[in-house]
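Hi everyone, thanks for making time.

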Amino acid sequence: MTASGSNLTKEYTQWSQNQRSHQCRSQHYNDGNYQADRPEKLKHRSTSRCHINEVTWLFMLCLLVLLPLNAFANRLSDTKLHEIYLDNKEIKLSWMVDWYKQEVLFHLQNAFNEQHRWFYLGFSKRGDIGDADICFFENQNGFFNVVTDTYTSPNGKFVHKDYQQDCVLFKMDEYTLAFKRKFDTCDPSDFRMHEGTMYVMWARGEKDLQLADYQFPFPNVSQHESGIQMMQLLRSDKILIPETDLKVVEIRLHNVTIPNKETTYWCHIQKLDDFLVHKHHIVQFEPIIITPGLVHHMEVFHCETDWNANIPLYNDDCEQMPSAAKVCSKVVALWAMGSSTFTYPPETGLPMGGKTYNPFIRLEVHFNNPEMRKGLVDSSGMRIKMVSQLRQFDAGVMELGLEYTDKMAIPPGQIGFPLSGYCIAECTEVALPRTGIVIFGSQLHTHLTGVRVLTRHFRGADELREVNRDDYYSHHFQEMRNLRYKPRVLPGDALVTTCYYNTVGKDNCTLGGFSISDEMCVNYIHYYPATKLEVCKSSVSEETLENYFVYMKKKEHQHGVHLSGARSKNYESIKWTQPRVDQLYTMYIQEPLSMQCNKSDNTRFQGYQWENAPVTPVQIKIPMHRKLCPNYNPLWLKPLDRGECDLLGECIY
């Protein structure tokens with residue numbers, strides 16, 4: 001740290017101490033006579049506030065010491081510090097990611113109270129208590145001073161003390177605690193932190209634990225004193241909106257009665273406010289969710305047509321939407337379960353409005369109602385914030401992945417069957433500007449069987465850094481994520497989005513499609529500068545699929561296949577064996593594509609024959625997560641983050 005940094009830290013320390021001292025004196029926290037006269041419960045409450053303040057200031061001071069100076073200048077608490085309530089009301093987890101030191105600093109407020117003897121915070125692969133990595137914090141002999149790094153047995157019945165202790169404690173008192181962990185401790189009994197979805201476990205209890213023992217039973221506590229949260233721990237800094245003059249538009253349903261069927265796509269068309277006759281930039285959008293659990297995802301589309309074209313207002317099932325509204329297909333904002341507010345970087349915003357901008361917009365809401373509930377009324381939608389002072393770049397939204405079609409199928413009984421959607425080099429060559437585009441946001445999306453999603457970036461024969469990856473993806477937690485690494489995609493680059501699906505326990509294949517019981521594979525990317533390329537997705541070509549069904553009927557003797565019949569029925573008639581699964585996978589990764597290189601009006605770019613386009617050759621690579629651990633040898637101990645393996649050898653459970 002520089003000399004100026006040292007002085008700043010000293011000044012901050014002195015200021016924080018003065019603040020704490022003043023606060024405590026002003027509220028009589030240090031006045032013994034006053035405390036003696038107070039009821040016992042109020043004594044604890046007032047004292048605890050000082051303890052909370054002390055550990056919070058200590059935590060913030062540690063962050064200052066560990067961070068570069070400009071972090072303080074950029075409002076540390078607003079951008080570097082992330083927060084969530086583990087129990088939705090009291091136990092607050094705050095954390096900061098130190099990318100330079102490759103570690104996370106945690107602070108827990110109200111982890112304990114007068115009754116609790118211990119608290120744990122841990123990490124697991126997909127929310128299971130088996131093979132979990134847990135830090136236990138315990139009150140021993142009246143002092144909160146014991147932290148123990150542990151892991152659980154595969155069946156979750158026992159807790160084992162780890163031979164390598166990696167939970168580094170900063171501070172612990174009767175209400176709060178602060179500690180740190182490295183991203184990768186090089187300990188096979190620890191869970192490696194990653195930038196995808198992580199499952200954070202917590203619990204607290206009143207009975208003493210035998211943490212000194214090598215093994216003890218996993219503590220059994222009530223649902224009110226334990227829980228699991230899905231979150232992205234290794235996330236980029238929060239983005240602040242520098243502008244203060246924000247205009248807000250709400251695009252939402254109005255008292256819609258949700259149909260009592262499993263899958264409904266509901267469309268609502270409305271006219272935008274008059275102020276949008278002038279061009280604005282969208283800088284943030286956030287969901288308005290009225291019926292949680294039934295609203296699966298939402299998209300807002302602009303009607304890309306002449307400025308004076310009158311689009312009929314509509315509020316009904318999308319299947320009956322008038323043909324004049326088919327032009328309302330340019331993505332403006334989107335949301336899926338688990339996502340929250342999305343903020344644009346300060347250099348860019350999504351354009352909306354202008355003299356030649358059609359004033360109509362369409363909201364599409366996917367209702368998932370598997371229990372066929374009746375009489376529920378919904379007014380969900382999106383709240384969009386925008387500025388009139390335009391930013392440097394117009395942003396755009398693009399769909400990568402697989403076309404929504406039953407040409408793609410996932411056989412039953414698969415641990416992690418991969419399907420890839422291609423944005424081939426020929427499409428980016430004709431559609432992207434010479435300087436390329438910068439991707440700053442990504443939202444990965446599948447339906448129920450998706451368990452892993454990633455988008456890879458290729459330039460010729462070279463594979464560049466991945467755009468986004470979530471090895472522990474859950475369809476319940478589909479965040480639109482700001483990317484810390486922002487790749488530049490040049491004309492001639494290829495992007496390959498691969499989704500892995502778990503169909504264990506299913507009796508028949510799962511088809512691509514729009515229903516929640518069908519599957520999707522999409523990466524919605526936000527980028528700048530905006531282009532006309534709206535959709536860069538693929539499916540297997542029609543000719544290839546016809547030849548595949550001929551082969552299955554004549555060579556594999558699958559007599560339920562009818563060459564003139566529906567694709568879905570043909571897939572469902574196949575008796576799936578492992579060789580037939582392998583044949584299907586080989587067909588998908590080798591045979592030509594039907595390429596959707598589409599503009600926002602759903603027309604394809606000119607300049608290439610998109611049907612029977614060549615597939616981008618992609619080498620399957622098993623990730624090596626322990627590159628920084630030269631002495632790491634897990635042969636004698638199975639790492640916690642390894643499990644069952646799919647047909648490609650990738651162990652993702």
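Let's start with a pair of helices: H7 and H9 have a right-handed crossing. Keep in mind that what you see is a predicted model. The axes of H7, residues 542–554, and H9, residues 578–590, come within 11 Å and cross at roughly 160°, so the two helices are roughly antiparallel to each other.

Which residues in H7 and H9 meet? From H7 we have Thr 544, Leu 545, Tyr 548, Tyr 551 and Met 552, and they meet Arg 580, Gln 583, Leu 584 and Met 587 in H9. Sorted by class, that contact has six nonpolar, two polar and one charged residues.

Okay, on to the disulfides. How many does a search of the whole structure find? It finds six, and I'll show you a few.

One of them joins Cys 267 to Cys 318. The torsion about its S-S bond is about 100°, so this disulfide is right-handed. Cys 267 sits in strand E15, while Cys 318 is in the loop between strands E18 and E19, 51 residues apart. Cys 267 counts as buried at 0% relative accessibility, and Cys 318 counts as buried at 13%.

Next up, Cys 423 and Cys 536 have their sulfur atoms 2.0 Å apart. With a torsion of about 90°, this disulfide is right-handed too. Cys 423 is in strand E28 and Cys 536 in strand E38, 113 residues apart. Buried or exposed, these two, Cys 423 and Cys 536? Both are buried.

Technical notes
Residues are numbered from 1 along each chain as its sequence is written. This is a predicted model: local features need pLDDT of at least 70, side-chain atom pairs count only at pLDDT 80 or more; totals for chains, interfaces and linings use all residues. Side-chain values use heavy atoms; hydrogens and water are left out. Axes are lines fitted to C-alpha atoms, for helices over the stretch in contact, and angles run from 0 to 180 degrees between N-to-C directions. Helices (H or I, at least four residues) and strands (E, at least two) are DSSP runs, numbered from the N terminus. Angles under 35 degrees count as roughly parallel, over 145 as roughly antiparallel, 65 to 115 as roughly perpendicular and the rest as oblique. A crossing is left-handed if the near helix is turned anticlockwise from the far one by less than a right angle, and right-handed if clockwise. Contact means heavy atoms within 4.5 Å. Ala, Val, Leu, Ile, Met, Phe, Trp, Tyr, Cys and Pro count as nonpolar, Asp, Glu, Lys and Arg as charged, and the others, Gly among them, as polar. A disulfide is a pair of cysteine sulfur atoms within 2.5 Å. Buried means under 20% relative accessible area, exposed over 50%, partly exposed in between (1.4 Å probe, protein chains only).
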